[in-house]
Amino acid sequence: MKLNNNIKIIEDYISNGNEDNCLFINQVNDEIACFYEYIIKKIALNKNTKIANCATSDQYLDASNDLFQKKTIYIYYLTNTKKIQEIASGGNPKIILTDYKNYKKFVTKYKCLSGYDFEKDLNYFFKEILKIDNKDLIDFCLSYPFFSLSEETKYMISKDNYVKDTKLNISDSSILEIRKEAFQMKMNRSNLKNFLDILKKEVIYKKFSFLAY
């Protein structure tokens, strides 16, 4: 089924995921995958849906144990075809972010969207869903999609004084490296203490970043 754009596909899936048990996203790379996870969680929040990151097929078997009976959709980052087949055939709604090779394998069987459209999706999401039409913010997030959440947060704190971080250098930015490391640790379900230490580092750098405005 093809809808008007990828954002509408995600909205439709989160609303009706019990009928369509699996949504595939061609993640393209880690940075774009981070953007799609961000918008999935933003949309789910408005639809009273819980999003859970999973590393193994066993983790979605206890979906009925949610205390508040929220519908739960599970996110997986997978490139192993056999594991994808195992999880996709399960009975709970889930979103699988994968590489282009597996995306092509499953595109005729499941509802799918391509991360190569992320620029169009990012523009649509900020302008139509978040009602943020700030060219500096959107251009910055198009270059660094993994900063979408932090830039949105910064903009909402001070809309009139929002300034993009012109000092960010892709080759030596400490916060960029921290964000990439945190994202990889989350994907790999790393030790919780180590993951929290990384998040603390990001908070420290963000505080210094805010002082510049």
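Start by selecting Asn 5 and Ile 7: the side chain of Asn 5 comes to 3.1 Å from the backbone nitrogen of Ile 7. The model is a predicted one, so read the tour with that in mind. Asn 5 sits in the segment that precedes helix α1 (6-16). Is Asn 5 buried or exposed? Its relative accessibility is 11%, and since buried means under 20%, Asn 5 counts as buried.

Next, colour the strands. There are 5 of them in an open sheet, in the order β2-β3-β4-β1-β5, and the pairing is parallel. At the edges are β2 (49-53) and β5 (111-114), each of which pairs on one side only. From one strand to the next, the twist averages 20 degrees.

Now select residues 22-26 and 94-98. These are β1 and β4, two parallel strands joined by 5 bridges. Pick Asn 26 and look across to β4: Thr 98 is the residue opposite.

Last, colour the chain by pLDDT. The average is 77, and 66% of the residues score at least 70. Select residues 60-65, where pLDDT is below 50; beyond near neighbours in sequence, this stretch has 10 contacts in the model. Then select residues 208-213, also below 50 in pLDDT, with 7 contacts beyond near neighbours in sequence.

Notes
Residues are numbered from 1 along each chain as its sequence is written. This is a predicted model: local features need pLDDT of at least 70, side-chain atom pairs count only at pLDDT 80 or more; totals for chains, interfaces and linings use all residues. Side-chain values use heavy atoms; hydrogens and water are left out. Two strands pair if DSSP finds at least two bridges between them. Helices (H or I, at least four residues) and strands (E, at least two) are DSSP runs, numbered from the N terminus. Axes are lines fitted to C-alpha atoms, for helices over the stretch in contact, and angles run from 0 to 180 degrees between N-to-C directions. pLDDT is the predictor's confidence in each residue, from 0 to 100. Contact means heavy atoms within 4.5 Å. Buried means under 20% relative accessible area, exposed over 50%, partly exposed in between (1.4 Å probe, protein chains only). A polar contact is a pair of N or O atoms within 3.5 Å; within protein, one must be able to donate a hydrogen and the other to accept it, and residues adjacent in sequence count only if both atoms are side-chain atoms.
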